[in-house]
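Open the structure in your viewer and keep the selection tool at hand.

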Amino acid sequence: MAIISRPSSRSLIVLCIVLIVIVTFSLGFFIGRARGVASVVPQGEGEVTDEGDIPSYLAQDVDFQQFWDIWNFVKEGFYRQPVSDVDLYYGSLKGLVSGLDDPYSVYFDPEEAQEFTASLEGSFEGIGAEIGIKDDRLQIVAPLDGLPADQAGLLPGDWIVLIDGVETTGMSVEEAVTLIRGEKGTQVVLTIAREGVDGLEEYSITRDKIVIDSVKWSIEENIMIMSISTFNHDTSALFSEAIQEALAANVEGIILDLRSNPGGLLTTAIDIASAWVGYDAVVIERAQSAVQTFKGVSAPRLQGIPTIVLVNGGSASASEIVSGALQDYGYATIVGTQTFGKGSVQDYRELEDGSAVKITTAVWYTPDGRSINEEGIAPDAVVDYTVEQYQAGIDPQMEAALGILAGTYEFEETQNTQVE
């Protein structure tokens, strides 16, 4: 028979005191947490939930609780209330990716992701210029032909010092794009520093609807001159049309103008290069623990037709993949100036909430194993193109290309022609 002892009156008093202390502590903890984390939730917005446990591998070296301490401090102490949980959440994700210290690894909130997708489709509102980071400064990689930035006089290599008076030091490309783009008809003022020009210049540019026909071509004296401004979704189809016209006309030479082409889609670059390279290697991707070779995907329909590729400091990414491959195989002579040197690979992933993340996962090498990243492609024939020549309507690089095809251009001793 079990014996049940009854608690004494003194034990009951002690138990009650302990319960009161526990309840008081718990209420204080949760009220304080509610005030700190929730503070004031803007109308129509949700709250961040599920803080989760600290991963063991982080807890050894990083006190992740500090993140929430700062979150609470910002929510409670910032002078302009209410503080948006959504803005803090997306801002923290931007900061996470920026910790990589790589200008091409970026987190896009839903609005920015939509704008980025639109730019790949070839339609958005802005000034029509590709910008990038070089030497830790914001630079015009390429103003697109005939669009507001080009019409205003911006040139590849221009340094953007201010955007509407906002200093660009430490600014990411995505932040700059957000400031530069805007509604058609509105203006943005860029303060520019240009090599060889003393002082700064202001350019007031009226934004417009930017619709890019990425491939343009013409046949002059049995030479096809083909300009590709960017490697977008429509480029392969337009390029195929140009090829058919070139073959039908039995052209004697091709000038592929990739100047101020900031790049675009890898698949499109492979399509273009395949017209000369065929099914051979186009580019080599080197990741942290793997090497992958991307080969051509179609018959080499233009192989054997003397080809010149024009490049400059605004030729980047996909442009460097194409020009590097054609140079390695000797299918084209590269004319112009050193290319930009953007030879890194970004993995772009769309997330469920409409946001996206773009992370650098590898770097590009030409088929012969030459690094593109931060080095670029060196021309076979170095031909400068000055601001004065540009303003006067003189194009020495195009003249050199025509001269090479005609056999009248004299190479320097250190330069080698690849035209057959």
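Helices (H or I, at least four residues) and strands (E, at least two) are DSSP runs, numbered from the N terminus. This is a predicted model, in which local features need pLDDT of at least 70, side-chain atom pairs count only at pLDDT 80 or more, and totals for chains, interfaces and linings use all residues. Residues are numbered from 1 along each chain as its sequence is written, and side-chain values use heavy atoms, with hydrogens and water left out.

**Stop one: the largest pocket**

Select Leu-155, Pro-156, Ser-260, Asn-312 and Tyr-385, the closest to the centre of the largest pocket among its 46 lining residues. The volume of this pocket is about 1500 Å³. Lining residues have an atom within 4 Å of a point of the pocket on a 1 Å grid; a pocket is an open set of points where a 1.4 Å probe fits, with protein on both sides within 12 Å along at least five of seven lines.

Next, select α11 (387-391), which gives the most to the lining, with three residues. β4 (137-143), β10 (215-220) and α12 (396-406) are also among the elements that give two or more.

**Stop two: two helices**

Now select α9 (residues 266-277) and α10 (residues 318-329), whose axes come within 9 Å and cross at roughly 20 degrees. That makes α9 roughly parallel to α10 (angles under 35 degrees count as such). In the contact (heavy atoms within 4.5 Å), α9 supplies residues including Leu-266, Ile-272 and Trp-276, and α10 supplies residues including Ile-321, Ala-325 and Tyr-329.

Key:
Axes fitted to C-alpha atoms, helices over the stretch in contact; angles between N-to-C directions. Parallel < 35°, antiparallel > 145°, perpendicular 65-115°, else oblique. Points joined across faces, edges and corners; volume = space filled by probe spheres on them.
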